[in-house]
Amino acid sequence: MKKLILPALAISTLSASAAGDAPLPIDQWTYIQIDNKKAMWGDFAKPNWLRYFGLDMGDIDQDGDADIITGRNVYLNPGDDMSSQWRKLDLGKNVDAMLFYQENDQSPPRLIAEALPDVWEFEYKKGSFKSRVIGQIPATGHHNGQGYRVADITGNGTNEILLASLGGIFMLELGPDGMTTSKAIGKDASDEGFAVGDIDGDGDLDLASGFRVEGKDPENPLVVVWFENPGSSSENWTKHEVGLTTHAVDRVEIGDLNGDGKADIAVAEERYPGLEPDASLWVFLQGEKRWDRKKIVTQYSMNNLDTADMDNDGDLDLITCEHKGSKLELQIWENDGSANFTKTLVDQGKESHLGAQTADMDGDGDLDIVSIGWDQHKFVHLWRNDAK
């Protein structure tokens, strides 16, 4: 396995204007450039234009610090304020590492990667990776899928692997001989982002995603749906329509956004080629009999979305970044608790794609932001939250 040490990091201190008085400020950030030489899928295999989609954070080497996985690389956290060089490891195969995976709290950490139709598992031991193919799912129009999650869908205390691909959302679960492919539990869901959460309040985890409508462009899903968990290993997950978007459903998140105890859905639209600022960020608020659609902002294509309580005030905020346009704004949309959102600008000029993901990377109790790019695919970004 090839091991690389990164060049000196580019670090800059940022400041933004937070909206209102919050228990934890959201205007204190330090940018750390993790990598500026990241390869892309097309450097090693066809199609030559393809980049990597994967991004996740977890403690791979079990030293107490969260590391970053993306594409064929692992970046080991140097600890402290994270401004030292991050050690860059190469998985030794042209795979798209997407998920940090543990079956449960006692299981060793592993990485899940795609080189579809093959799904790979990597385990880090004594400075090297042991790998094997654990299953197969269909390849997509972009070769690998763009949606991936880990969750205990079956409710048996063991996490399953969920991957969006051609034909819908597939679940891989632990079999007697390791991981085995299982079922397309979200049939005809798009191969873009999807979310996991208890939408109907029955105690198990459901799915929300864009949906491919028969006879319509599969690359331009305009219908938001949720799939109801039947509470068993059945493939018969009932589809419910939530509402419509104006442009393609790209990233999806689930959470109670207005404090009424019901799960809501946030959706960020994609625009290709993205020359105009006409993509919207939506929230769909769950009512008694219907979903109420609310537009948060219309701007350049947002292929990024996360939900987290960034200001520690007890409600969920939205985190996104423009994938296109001249400003490429990284934004926190601060929630007032009733699904009214105010923008805080974290940074600009750094393109993101399937990024703007939150995690406590330095163990200080607040959430940092990690991103990767597509147009600027060589970069891996980290914004350290200096609120504490």
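Strand E30 covers residues 380–385 and is mostly covered: six of its six residues are buried. Buried means under 20% relative accessible area, exposed means over 50%, and partly exposed lies in between (1.4 Å probe, protein chains only). Strands (E, at least two residues) and helices (H or I, at least four) are DSSP runs, numbered from the N terminus. The model is predicted: local features need pLDDT of at least 70, side-chain atom pairs count only at pLDDT 80 or more, and totals for chains, interfaces and linings use all residues. Residues are numbered from 1 along each chain as its sequence is written, and side-chain values use heavy atoms, with hydrogens and water left out.

In a regular strand, side chains alternate between the two faces of the sheet. In E30, Val380, Leu382 and Arg384 point one way. His381, Trp383 and Asn385 point the other way.

Which strands pair with E30? Two strands pair if DSSP finds at least two bridges between them. Strand E3 (residues 28–35) runs antiparallel to E30, and six bridges join them. Here Tyr31 has Trp383 as its bridge partner. Strand E29 (residues 368–372) also pairs with E30 in the antiparallel sense, over four bridges. Ile372 stands opposite Val380.

Now the whole protein. It has 30 strands and zero helices. Its radius of gyration is 20 Å, close to the 21 Å that the globule rule gives for 388 residues, so the protein is as compact as a globular protein of that length. The radius is taken over C-alpha atoms, and the rule is 2.2 Å times the number of residues to the power 0.38. Along the principal axes, the C-alpha trace spans about 55 × 50 × 40 Å. Of the 388 residues, 57% count as buried.

Contact means heavy atoms within 4.5 Å. Among contacts with a separation of 6 or more, 49% come from residues 24 or more positions apart.

Asp250 sits in strand E20 (residues 248–255). Its relative accessible area is 0%, so Asp250 counts as buried. Val242 lies in strand E19 (residues 238–244). At 8% relative accessible area, Val242 is buried too. Beyond residues up to four places away in sequence, Val242 touches Val224, Val225, Trp226, Ile265, Phe284 and Trp291. Val242 and Ile265 are 23 residues apart in sequence, with 8.8 Å between their C-alpha atoms.

Next come some backbone angles. Most residues other than glycine have a negative phi, and most peptide bonds are trans. The table lists exceptions.

| Item | Backbone feature | Value |
|---|---|---|
| Leu116 to Pro117 | cis peptide bond | omega about 15° |
| Tyr272 to Pro273 | cis peptide bond | omega near 5° |
| Asp80 | positive phi | phi near 55° |
| Asn312 | positive phi | phi near 60° |

Where do these residues sit? Pro117 is in the loop between strands E9 (110–115) and E10 (118–125). Pro273 is in the loop between strands E21 (264–270) and E22 (279–286). Asp80 lies in the loop between strands E6 (73–76) and E7 (87–90). Asn312 is found in the loop between strands E24 (306–308) and E25 (317–321). Is Asp80 buried or exposed? Its relative accessibility is 73%, so Asp80 counts as exposed.
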